[in-house]
Amino acid sequence: MKAADYVTLLRVCSKTKDLQRGIALHDDIVKRHYVEACSDALVIMYAKCGRIFKAEELLVLHKCRSVAAWTALIAAYVRIGQGYNAVDCYDQMRHHGISPDAVAFVCVLKACASTRALEKGLEIHEEIISEQFVGYNIMLGNALVDMYAKCGAVHKAHDVLKGLPSRNVITWNALITGYAQGCKGEQALLCFEQMQCEGVSPDAVTFTCILKACGCIGAVEKGEQIHDEIVRCGYLKKDLILGTALVDMYAKCGAFPKAHEVLEELPFRNEFCWSALISGYAEQGYGQQALLCYEAMKHDGLSPCRVTYLSILKACGSLKARELGEQIHEEIGRQGLLKEDTMLGNALIDMYTKCGTLSKAEQLLDELSVRDVVSWSTLIAGYSKQGQEEKAFISFERMQDEGITPNVVTFACILKACGSTGANDKGEKVHEEIIRQGLLDNNLLLGNTLVDMYSKCGALGKAQQVMEELSVRDDVTWNTLIAGFAQHGQCEQALSSYEYMQQDGFAPGKATFLCLLKACGCIGAFLKGEQIHEKMTRLGLSNNDTMLSTALVDMYAKCGALEKAYHVLRELPVQNEVSYSALLGACERQIDVKAGRWAFEHAVQANKNDALIYAQMANIYAAAGMQEDAELVEVMRLENEAW
DNA sequence: GTAGGGTTAG
């Protein structure tokens with residue numbers, strides 16, 4: 001046999017991934033001194049059969065200069081998920097002066113996509129453009145679209161797609177996936193329309209991505225339409241991935257009966273489709289249903305996988321099912337799933353914090369072989385929620401000592417702890433750090449949390465300043481500030497902030513009005529209160545909301561406008577003891593027996609006679625010197641209680 | 001060259 005024959009045989013091994021035969025051929029090649037002539041083919045064979053180190057060793061040893069050999073190695077790294085090594089390999093190839101071909105570009109773009117290496121991806125895109133690459137084809141275009149989409153630069157992906165000389169269903173799928181993954185459902189749907197206008201028919205992959213987009217934005221009607229189309233195409237009989245996407249879409253939209261129906265009708269089920277349903281329940285707080293599905297899945301003869309466990313742990317957390325959570329923990333440990341699986345570890349930490357066993361959560365965190373910013377943030381959130389702010393602060397320190405940089409979530413948790421303990425100085429330091437990291441730009445949540453922290457600490461000037469400096473704000477920002485002023489008795493400022501809020505283009509809502517009414521009542525601002533009442537009526541808010549109506553009664557009562565107060569109370573669709581009690585409280589302060597008696601009698605008639613109302617009425621009589629009546633009310637209270 | 005279920009806050 002000649003060297004060329006060995007090359008042919010090696011190519012067959014590469015295709016069939018026949019490593020044994022490849023090794024045997026390698027031996028023969030060495031014996032016959034054909035190595036130089038066969039080195040490229042050998043590298044490719046080893047790379048394709050997964051022997052990356054052997055491939056790399058030969059590549060270096062024989063100073064291979066063929067793009068194909070280098071590309072095979074790059075592709076092998078991509079396959080095993082080592083994108084960084086793939087990019088490294090590509091750089092080395094260029095360093096040796098070897099020009100990439102279309103396949104090499106595609107492989108390295110894939111590596112960039114998998115490692116979210118946008119910078120590198122841009123660099124490679126530049127290379128393709130500047131070298132006026134002649135081998136440009138639709139596959140390369142698709143790889144570019146995919147790279148940008150996966151790196152989160154969907155707009156860039158869309159631009160590339162627009163500039164391509166031709167595009168096919170794969171181009172569109174890559175873009176739609178990008179939009180779906182970024183939860184840009186509307187844009188995904190627009191692309192779905194546009195591709196069909198261009199005469200490109202959707203395939204099973206398109207439907208999968210578009211269902212994901214629907215689920216993300218809760219577009220259940222659109223999802224149902226797609227479902228019909230899928231059934232018409234007959235895809236569901238053979239494509240379990242599509243079935244899973246359907247179950248997922250319905251579950252995410254909260255359409256659980258439909259999700260069950262689809263699951264039942266699938267030709268067969270695996271742990272993926274069950275997990276989609278379980279996660280939908282767990283995500284939306286239906287822990288009990290999640291557990292029932294988990295049982296059903298096991299009954300179906302399937303074993304839970306790591307993603308199933310992630311959802312189940314969430315369910316245990318929301319149900320505070322500590323014992324079951326511990327059982328699952330043991331089960332995961334027995335299966336050796338916890339090793340180096342930080343996400344699963346984090347889900348366990350979260351479960352333990354939600355079940356109130358913070359010590360166990362911290363112990364687990366210490367035991368994790370790899371912990372990340374999520375592990376720490378979870379623990380910090382747990383301590384903060386349980387009112388153990390001091391431990392939250394300590395954990396925050398420990399995390400940074402360990403060299404882990406806090407992210408937006410960590411900062412939000414720690415600011416919450418600062419707010420509830422009034423730790424203004426600590427909050428200021430965190431604020432500085434947030435600015436230093438440039439996290440405040442365009443981050444509404446963090447901005448609002450900062451305003452809230454300063455408000456809770458009573459540093460309202462600072463809260464106002466932060467709000468004014470925010471690059472983006474919304475109604476929540478304003479409500480937070482107004483609530484802060486109202487909470488700290490700075491009622492005029494609360495009311496003037498309301499004016500500024502409207503000037504800033506934001507409409508007041510329920511939360512705003514609750515604070516404003518409180519502020520008006522507090523300073524007896526009757527006219528302003530009346531204005532706000534009118535505004536609420538214009539917005540249609542005051543007549544159907546018990547909380548708001550109660551706040552109105554309270555405001556008028558506190559302003560001494562008892563007539564107005566019981567007028568509002570009379571109009572209430574549902575009269576509750578709180579509103580009567582608010583009115584009686586005002587009567588008590590003003591010792592207004594007549595109004596008090598009116599409110600009391602109506603409360604009793606409306607069956608809203610709880611103990612507080614009797615006590616308040618008795619107080620009014622007593623304050624007015626009507627001792628006998630006071631005692632009578634007391635007797636009525638006892639009778640009512642006995643009854 | 002494109003596709004399924006997933007951890008922290010709000």
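Cysteine 253 comes out as partly exposed, with a relative accessibility of 23% (buried is under 20% relative accessible area, exposed is over 50%, and partly exposed lies in between, using a 1.4 Å probe and protein chains only). Its closest cysteine sulfur belongs to cysteine 214, and at 7.2 Å that is too far for a bond. Cysteine 491 is in no disulfide either, with the nearest cysteine sulfur, in cysteine 522, 3.7 Å away.

A word on the model and its conventions. This is a predicted model, where local features need pLDDT of at least 70 and side-chain atom pairs count only at pLDDT 80 or more, while totals for chains, interfaces and linings use all residues. Residues are numbered from 1 along each chain as its sequence is written, chains are lettered from A and ligands numbered from 1 in the order in which they are written, and side-chain values use heavy atoms, leaving out hydrogens and water.

So what does pair up? Searching the whole structure turns up 1 disulfide, meaning a pair of cysteine sulfur atoms within 2.5 Å. The partners are cysteine 183 and cysteine 216, with an S to S distance of 1.8 Å. This pair ties together distant parts of the chain, 33 residues apart: cysteine 183 sits in the loop between helix H11 (169-181) and helix H12 (185-197), and cysteine 216 in helix H13 (residues 204-217). Helices here are DSSP runs of H or I with at least four residues, numbered from the N terminus. The torsion about the S-S bond is about -125°, so the disulfide is left-handed. As for accessibility, cysteine 183 is partly exposed at 37%, and cysteine 216 is partly exposed at 32%.

Definitions and conventions: Helix = DSSP H or I, 4+ residues; strand = E, 2+ residues; numbered from the N terminus.
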